[in-house]
Amino acid sequence: MIQELINRVAAAAGIDEGLAAKSVGMIFGFLQKEGPQEQVQQMLAALPGAEGLIAQSGEGGGGGLMGMVGGLMGGGIMGLGANLMGAGLDMGQISTVGKELMAFGREHAGEDVMGQIVAGTPGLSQFV
């Protein structure tokens, strides 16, 4: 199932599968840290393989140079944006990745769960 999401994101954003997987993992990791915990766990449970993408992306602990840049940007949604740009995405691609991920989440975890994640994650609603 998670491969379906990666393929969809890669095609929509015009990026390779490796960058799509890293980007999706970074966003999942961000949601795991910043979003409403109960709903994020429901979403991750509905998307087998999502936790593996978080681990592969390095977003679980958030270190390294891009983690430092994200921290300097104030963390949160702006830090995520800085990290995604550092990974190689432009603003249009970041928007596309986010929208595809949210649409996929709605299809598999449900509208209610994803709506609560968007509403409960500071700054997210302006991007999806």
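Student: What do the buried residues of α4 pack against?

Tutor: They pack against α1 (2–13), α2 (17–34) and α3. Keep in mind that this is a predicted model.

Student: OK, and which residues in α4 are buried?

Tutor: Helix α4 covers residues 50–57, and Ala 50, Leu 53, Ile 54 and Ser 57 are buried there. They span an arc of only 105° around the axis, so they lie on the same side of α4.

Student: Why would residues with that kind of spacing point the same way?

Tutor: An α-helix has 3.6 residues a turn, so residues three or four places apart point the same way.

Student: What's on the face of α4 turned away from the buried side?

Tutor: That face carries Ala 55 and Gln 56, which are exposed.

Student: And what follows α4?

Tutor: Gly 58 does, and its phi is positive, near 80°.

Student: Switching topic: how do α3 and α8 pack?

Tutor: Helix α3 (residues 37–46) and helix α8 (residues 111–120) have axes 9 Å apart and pack at an angle of about 135°.

Student: Left-handed or right-handed crossing, α3 past α8?

Tutor: Left-handed.

Student: Which residues meet there, α3 to α8?

Tutor: From α3 you have Gln 39, Val 40, Gln 42 and Met 43, and they meet Val 113, Met 114, Gln 116 and Ile 117 of α8. The residues of that α3–α8 contact split into five nonpolar, three polar and no charged.

Student: What is Gln 39 in contact with, leaving aside its neighbours within four places in sequence?

Tutor: Val 113, Gln 116 and Ile 117.

Student: Last one: how do α1 and α7 cross?

Tutor: The axes of α1 and helix α7 (residues 91–109) come within 9 Å and cross at roughly 145°. α1 passes α7 in a right-handed crossing.

Student: Who makes that contact between α1 and α7?

Tutor: On the α1 side it's Glu 4, Leu 5, Arg 8, Val 9, Ala 12 and Ala 13. The α7 residues include Thr 96, Val 97, Leu 101, Phe 104 and His 108.

Student: And how do the residues of the α1 with α7 contact divide into nonpolar, polar and charged?

Tutor: Eight are nonpolar, three polar and four charged.

Technical notes
Residues numbered from 1 in each chain as written. Predicted model: local features only at pLDDT ≥ 70, side-chain atom pairs only at ≥ 80, totals over all residues. Heavy atoms only, no water. Axes fitted to C-alpha atoms, helices over the stretch in contact; angles between N-to-C directions. Helix = DSSP H or I, 4+ residues; strand = E, 2+ residues; numbered from the N terminus. Left-handed = near helix turned anticlockwise from the far one by under 90°. Contact = heavy atoms within 4.5 Å. Nonpolar A, V, L, I, M, F, W, Y, C, P; charged D, E, K, R; others polar. Buried < 20%, exposed > 50% of the residue type's maximum accessible area, 1.4 Å probe, protein only. Arc of directions from axis to C-beta.
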